[in-house]
Amino acid sequence: MNTIDFSQVKQVVEVPDAAERLLSKSEKEISFSLNLLLHPSGRDARCTDAELVEADAFVVYHNTARGPAKGGLRIWPTVTLEHTRTLAELMTWKTALVGIPFGGGKSGIRLDPRTLSRVSKTAIIKEYVHMISAELHSGAYVPAPDLGSTDADMAVIYGETHRPESVTGKPPRVGGLPGRREATGFGVCHITALASEALLGRNVEGLRVAVQGFGNVGRWTCRFLHERGAKLVAVSDITGGVYRDQGLDLDQLEQHVARTGGVAEGPGDRITNADLLAMEVDILIPAAVEGVLTEENAGAVKAKLVVEAANDPITPAGEQVLLDNGLPVVPDILANSGGVVASYVEWHQAKSGAITRARETYHTVAEQLEAAFHRVSELAKEKRISQRLAAQAVAVEELVATMKDRGWIPG
Ligand code: NAD
């Protein structure tokens, strides 16, 4: 199933039938099995209690008209080919929307990383590289961290290919990019500030914000928003949430999370995730998981603006409720694309051998996101459509033009 509705997009921009057909399916899908004899503790596989691990794995190229298939490696027990396909498609829209020369891709391994020792995980990643060596060595697919994979895993991939541009999201000391880890949160903050001005007519400084999720994206979003003077009044994660009307003390909250592993019982009044979503704030930022705002609870949202930092946090029916209530939603493909822009900077650095500083990473993220934001908001205003439909239309328009340039479709 496509993540966008072409019948709606075609009311906004011209989409030739050939382009719609190419964008409605994956270009390439590889399914394979990773079979390894591993000892649960990660010791030598010749131990008698070693067990055979068999993990289904997938690589999907959705569309590579604009460049190599770019997208993270997900290692999670729920990975399927269908979901990998959906995530690859989202990367096609993101890379086109923010104007970087990458296509959309994704890979997945169906395993629970929480049950793997470091040694076992390294062995699995090495086998993954071995199985898709043609994709990685040719540069046709460029992975990065995603749910269940880390910068250390990317260092393993680099260790196997010996080519720094074959993978992004590496640790800074292993050819990675200063600023890459914070880039998604930085981008979410930047887009939130732009959206506050354009859609609420207010500077983000002093605005009351609630953030769901305090992982990589949520934590850095909070940090950058705090630096810009926003008042962070509520934060939650899987363990629960905290609220403080005068604004949370972020340093104390970070120390509490480092000590206890979660936001619950942190400095502030105790709240639930449901409370956070319905909080009396200016801006609500879901930065945790998919499907948290639905038809059932979207009517309770009191924020004036919702910024999707997570992928897919609002169901289509939930978004309709928000839009009917006059509440603008900045879509994920725009709000959280700072990470992939930083990946592009890392890939470029790896190819050129240049040294890049964090401020240059932030500068590129800000520039690409700003250009995309203005294009999306102008189109949304001109056609009186949602920010999401406008973002999808801009991405599709770019891809149609690119496929014409490449001679993939007539015109
Ligand atoms: P993460 O694993 O670092 O953090 C996830 C956070 O969500 C944690 O604080 C966790 O406690 C919380 N959480 C999990 N389940 C929850 C629930 N049911 N209710 C409330 N909180 C819950 O992940 P991340 O890298 O921060 O990614 C968050 C989202 O952003 C995901 O949708 C991811 O796909 C998307 N995203 C991430 C990046 C990136 O660069 N990391 C880039 C683009 C999009």
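The structure is a predicted model, in which local features need a pLDDT of at least 70 and side-chain atom pairs count only at pLDDT 80 or more, while totals for chains, interfaces and linings use all residues. Residues are numbered from 1 along each chain as its sequence is written.

The protein contains 15 helices and 13 strands; helices (H or I, at least four residues) and strands (E, at least two) are DSSP runs numbered from the N terminus. Its C-alpha trace spans about 60 × 60 × 45 Å along the principal axes. Of the 411 residues, 49% count as buried. A residue is buried if 20 or more other C-beta atoms lie within 10 Å of its own, exposed if 12 or fewer, and partly exposed in between, with C-beta atoms placed from the backbone. Among contacts with a separation of 6 or more, 67% involve residues 24 or more positions apart; two residues are in contact if their C-beta atoms, placed from the backbone, lie within 7 Å.

Strand 5 (residues 103-109) is largely enclosed by the rest of the structure, because seven of its seven residues are buried. One side carries G103, G105, S107 and I109 and the other carries G104, K106 and G108, and both faces are covered. Strands pair if DSSP finds at least two bridges between them. Strand 2 (residues 51-63) runs antiparallel to strand 5 and is joined to it by six bridges, with F58 opposite G108. Strand 4 (residues 73-75) runs parallel to strand 5 over three bridges, and here R74 stands opposite G108. Strand 3 (residues 69-70) is also parallel to strand 5, through two bridges, and A69 has G103 as its bridge partner.

Another part of the fold is an open sheet of seven strands in the order 10-9-8-7-11-12-13, with mixed pairing. Its edges are strand 10 (269-271) and strand 13 (329-330), each of which pairs on one side only. Within this sheet, strand 7 (residues 208-212) and strand 11 (residues 283-286) are parallel and share four bridges; A210 stands opposite L284.

The ligand has 20 residues around it, of which G215, D237, A288, A310 and G339 come nearest; a residue is near a molecule if its C-beta atom, placed from the backbone, lies within 6 Å of it. Helix 8 (216-227) and strand 8 (231-237) are the elements that give two or more residues to this shell, and the largest share, three residues, comes from helix 8. The shell has eight nonpolar, eleven polar and one charged residues, where Ala, Val, Leu, Ile, Met, Phe, Trp, Tyr, Cys and Pro count as nonpolar, Asp, Glu, Lys and Arg as charged, and the others, Gly among them, as polar.

Two loop residues other than glycine have positive phi values. E265, with phi near 70°, lies in the loop between helix 9 (250-260) and strand 10. E265 is exposed, with 12 other C-beta atoms within 10 Å. R384 has a phi of about 55° and belongs to the loop between helix 14 (358-383) and helix 15 (387-405). R384 is likewise exposed, with 7 other C-beta atoms within 10 Å.
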